[in-house]
Amino acid sequence: MRVLVGGVGYRFLRDGALGVYMSDRLSARAGNGVEVEDLGYHPVGFTQNLQDRPVYDRIVLVAAIERGREPGTVKAYRWDHALPPVKEIQERVSEAVTGTISLDNLLIVTEAFGAFPDDVRVVEVEPADESWGEGFSPVVEEKLAEIEEAVWSLTKP
Amino acid sequence: MCFKNLPIDFDAAGNASLRPGVANPYAYVETPAPTPIEEDQERMRQLVERNGSIRRVDFDPITRVAGALAFHTVVDLENREVLETASMATLFRGYEIILQGRDPRDAIFISSRACGVCGGVHATASALACEMCFGIHPPPMGVVARNLLLSVEYLYDHPIHLSLLAAPDFSEQAVRETNPEIWARAEQTRTRGRAVHGYEYMSELMTDLTPLTGKLYLEGLHYTRVAREAYVLIGGKYPHPQTVVPGGVSTTIDTSDLNEIMLRVAKYFDYGRKTVAIWNDICDFFYEVNPKYKDIGTRPANMIDPGQWDDPYAFDGTYANADAWGRRRWAPPGVTVDGELVTTSLQMLNAGVEEFVEHSFYEEWAGNGQGNENYKFPTDPAGNPLSPWHPWNKVTIPKPTGTNWKDKYSWSTAPRWDRLAMETGAYSRIWVAAQTGPQNYRESRFLHSTGNSMQIDLPKADLPNDPIEWRIPETWGAFERNRARAYCILFTAGIAYDNLLLAYDLLRKGGPDAKMSTPYKVPKDFRMGVGLWGAGRGYLTHHMTIDKGVIENYQILTPSTFTASPKDPFGNPGPYEEAVMATPLLENYEKPEDFKGIDVLRAIRSFDPCMPCTTHMHTGNGRTVSRDIVSCACGAEGNHAH
């Protein structure tokens, strides 16, 4: 089974850097069909990269994303491939090509251009602090090991 | 000489010095900004009495612009004019703060993250600043590799803007919604560029500009892939290159790599011709429909560009020789005022820059306009005078406060050159290169500067090899910005091809010139440097001072900081603000509720705004600045925290 683990986010944004931090951590465990990639770049580029590669059996994405939950909340799910109206897709593509990096943006753009495999898993975390700087908020810091294992468990068949 | 407003004189040899006998030469008295219309009850009453079509229209965020840009207007829908504007960068960029105390080489990789698209130019500007500090420069092949990397980055950038960000405003969908009478005319109007782009009627061309489904939209998207494929052959990864280092690039290039890049660059010969033909048709059609379209986004042609693409045998990385190596660039540095080239000196370009924060969410660092006389660098390393508000003297002190159009309303500073608002973009580099003229423009196999135009003579691909010439337009505005950017695809392809041929030659000869990088040591004493290398969308500088082997101060000045700037302390608006104020509202609306602001958006988007450099949030003192802040009548309701 070929699996891609991708960490989505900006560096130097405390909890907002969770995704790329996880890709740094997990790259040490890559191998045996599991590839790990820093997805701190725009989703159209990611889409084109995916289209250039053999199809993955599964893609696992990890990112911090604000959805109004209790900070530190970890949620893992299989993505349903649902897309918003065309106008919103267009806006997301425009954001993507001019450099915006976010989990939702990546999901929508990559799906809109048909680059995802059927099996896409997501581990998302509610951030507490996305201000400038390094390190994480205490509530996310204490869950790093749990998040890492949650992501890694999704690489298994 | 070149300065009209700064207190700088020149001797007979052209050496700059502060005007003698002026006690505090850079000091200024702030001109208060006009009272916002919503706060000026008497003016508001008069306007409403005169007609009932005065409306506040805020664009927040401006869509199809990455990052965080919001724009406030008050419009008179009856007289079809814009009465008030304010441009707001709504998020804080904190790279300057996070870079303090780090190894200067870290700046290359950290500053690259300032943008999800233009990582290569930020990395390169950082590397140039390092090289100036370290006293090194790349061998010729290292310079050529850098030129190739950044030319293909621009070949990514220009199709993005033209096809995916600007073109939708001229698509069937947009024109039908905002000016149905123009759509009816488009259905009857034959194009002039059919032999090149294949469209017989304007309506067919405009249909294919439609987002997501239009052939031209999808073709633009495809060409981002072609450029990116070439980019990773040198940079390793897009958009954050892994190979840009002080003294060159940390990769090797062989003939096979060059062939791969050549194959991709050559595809832009025809794509560029087609894009030029499309934008010529768009501009000419709209001008024929209504000549007032020339006034959309118009402002004086005040432009600044530090140039890019170094001569591999002239670039020595020093500030002392910056004028000499700068003028050897394929895109030479320059400043235009009212369309006339006033300097091509990199040192004067640098010395004339100041950043003001009277209308920005920062604390002033130099005595609130008085210009504390004891500021750190009264001169640059060559002895030219520097302002207390020059980037080398700048201190970034964020100070989030409430938004008020009369006071502070943006996270962008107000950069000025000779205290004038400057715009910058792909067009500014072709403009400066065109005005450099045949005597002074460097030799190139494919590019010929005439003094008022740029002739582009690329090898023939599939399309007919008709002469291509971009001419400096009589009226400067939104349509001409887009048209010039289309020509910049061919301009950039020519530079890439020139550099490919140089690279083949260097590989063939071998020897020290064919090495990719120069060894170096990070000095432990005090040094100052600057990376002067424009981004795809214009001006970019990284100013750095280092001491004891770490960064003491780092200042990034981006193109959108210039163009999205708020008003300055002299009462002058920023370029977006000025361009929108001059924009006639040509949209077809019967009721105020139907107004969509297409002409305002065309004006702003023509600058190729890109705000990812400001896409990070700042939280301080319990207040969070977020992207959805400014849709209330802050001016009318008084200050409030975001």
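This briefing describes the folds of chains A and B, one topic at a time. The structure is a predicted model, in which local features need pLDDT of at least 70, side-chain atom pairs count only at pLDDT 80 or more, and totals for chains, interfaces and linings use all residues. Residues are numbered from 1 along each chain as its sequence is written, while chains are lettered from A and ligands numbered from 1 in the order in which they are written.

**Confidence**

- The model scores ipTM 0.85 and pTM 0.91.
- Chain B averages a pLDDT of 89, where pLDDT is the predictor's confidence in each residue, from 0 to 100.
- In chain B, 92% of the residues score at least 70.
- Over residues 613-642 of chain B, pLDDT stays under 50.
- Where pLDDT is low, the predicted coordinates should not be read in detail.

**Chain A as a whole**

- Chain A has 6 helices and 5 strands; helices (H or I, at least four residues) and strands (E, at least two) are DSSP runs, numbered from the N terminus.
- Along the sequence of chain A, the pattern is β-α-β-α-β-β-α-α-β-α-α.
- The radius of gyration of chain A is 15 Å, close to the 15 Å that the globule rule gives for 157 residues, so chain A is as compact as a globular protein of that length. This radius is taken over C-alpha atoms, and the globule rule is 2.2 Å times the number of residues to the power 0.38.
- The C-alpha trace of chain A spans about 40 × 40 × 25 Å along its principal axes.
- Of the 157 residues in chain A, 50% are buried. A residue is buried if 20 or more other C-beta atoms lie within 10 Å of its own, exposed if 12 or fewer, and partly exposed in between, with C-beta atoms placed from the backbone.
- Among contacts in chain A between residues at least 6 apart in sequence, 79% join residues at least 24 apart. Two residues are in contact if their C-beta atoms, placed from the backbone, lie within 7 Å.

**Helix α1 of chain A**

- Helix α1 (residues 18-26) of chain A is mostly covered, with 7 of its 9 residues buried.
- The buried residues of α1(A) include Leu18(A), Val20(A), Tyr21(A) and Leu26(A).
- Among the elements that cover them are β1 (3-8), β2 (34-39) and α6 (144-153) of chain A.

**A sheet in chain B**

- In chain B, 3 strands form an open antiparallel sheet in the order β16-β17-β18; two strands pair if DSSP finds at least two bridges between them.
- The edge strands, β16 (527-532) and β18 (550-557) of chain B, each pair on one side only.
- Strand β17 (residues 541-547) of chain B is joined to β18(B) by 7 bridges, and Asp547(B) has Val550(B) as its bridge partner in β18(B).

- Beyond its neighbours within four places in sequence, Ile430(B) is in contact with residues including Met454(B), Trp470(B) and Phe491(B).
- His390(B) is found in the loop between β11 (353-356) and β12 (414-417) of chain B.
- His390(B) counts as buried because it has 24 C-beta neighbours inside 10 Å.
- Leaving aside neighbours within four places in sequence, His390(B) is in contact with Val353(B) and Glu354(B).
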